[in-house]
Amino acid sequence: MAQLNVDLVAADRKIWSGDARSVSAPAADGEIGILVNHSPLLSVLGEGTVRITGANGEKVAVKVTGGFLSVDANQVMLVVDDAEVLDGAGVSGH
């Protein structure tokens with residue numbers, strides 16, 4: 001089954017990296033949801049919460065203050081200005 005390959009990074013560290021079922025992020029013009037086979041996208045992120053549902057069902061919530069989101073061929077890259085992990089379950093540095 002196809003999955004998203006997600007990297008969430010801040011300027012000073014990697015926040016989360018791995019396979020995921022879905023990503024929800026605060027785009028500048030509203031909340032955006034990303035699922036497998038989403039069309040290519042580049043978006044500015046506003047302040048809010050990034051939510052990731054990992055491939056095994058784990059949930060990760062990270063409060064961000066801005067940045068950008070890129071989606072292409074099931075690869076999701078979120079580069080954020082600052083991040084605070086709200087839910088430590090499943091946070092990994094792999």
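Buried residues have under 20% relative accessible area, exposed residues over 50%, and partly exposed residues lie in between, with a 1.4 Å probe and protein chains only. The legends below apply these terms to a predicted model, in which local features need pLDDT of at least 70, side-chain atom pairs count only at pLDDT 80 or more, and totals for chains, interfaces and linings use all residues. Residues are numbered from 1 along each chain as its sequence is written, and side-chain values use heavy atoms, with hydrogens and water left out.

**View 1. The protein chain as a whole.** The protein chain contains 0 helices and 9 strands, where helices (H or I, at least four residues) and strands (E, at least two) are DSSP runs numbered from the N terminus. Read from the N terminus, the order of elements is β-β-β-β-β-β-β-β-β. The C-alpha trace spans about 35 × 30 × 20 Å along its principal axes. The radius of gyration of the protein chain is 12 Å, which agrees with the value near 12 Å for a compact globule of 94 residues; this radius is taken over C-alpha atoms, and the globule rule is 2.2 Å times the number of residues to the power 0.38. Of the 94 residues, 43% count as buried.

**View 2. The surface and charges of the protein chain.** The side chains include 6 positive and 12 negative ones, and the centres of the two sets lie 6 Å apart. Lys and Arg count as positive and Asp and Glu as negative, while His and the chain ends are not counted; each charge is placed at NZ of Lys, CZ of Arg, CG of Asp or CD of Glu.

**View 3. The largest nonpolar core.** A nonpolar core is a set of buried Ala, Val, Leu, Ile, Met, Phe, Trp, Tyr and Cys residues joined through side-chain atoms within 4.5 Å. The largest one has 24 residues, and Val6, Leu8, Ile52 and Leu78 have the most contacts inside it. Several strands each supply at least two residues of this core, among them E1 (4-10), E5 (48-54) and E8 (75-80). Strand E2 gives the most, with 6 residues. In soluble globular proteins, nonpolar side chains tend to be buried together.

View 4. Contact means heavy atoms within 4.5 Å. Leaving aside neighbours within four places in sequence, Leu78 has contacts that include Val6, Leu8, Val23, Leu45 and Phe68. Ser43 lies in strand E4 (residues 41-45) and counts as buried because its relative accessibility is 13%. Not counting residues up to four places away in sequence, Ser43 touches Ala27, Ala28, Gly67, Phe68 and Leu69.

View 5. Lys59 is placed in strand E6 and counts as exposed, at 51% relative accessibility. From C-alpha to C-alpha, Lys59 and Asp12 are 23 Å apart in space, and they are 47 residues apart in sequence. Asn37, in the loop between E3 and E4, has a positive phi of about 65° although it is not a glycine; at 61% relative accessibility, Asn37 counts as exposed. Asn74, in the loop between E7 and E8, likewise has a positive phi of about 65°, but Asn74 is buried, with a relative accessible area of 16%.
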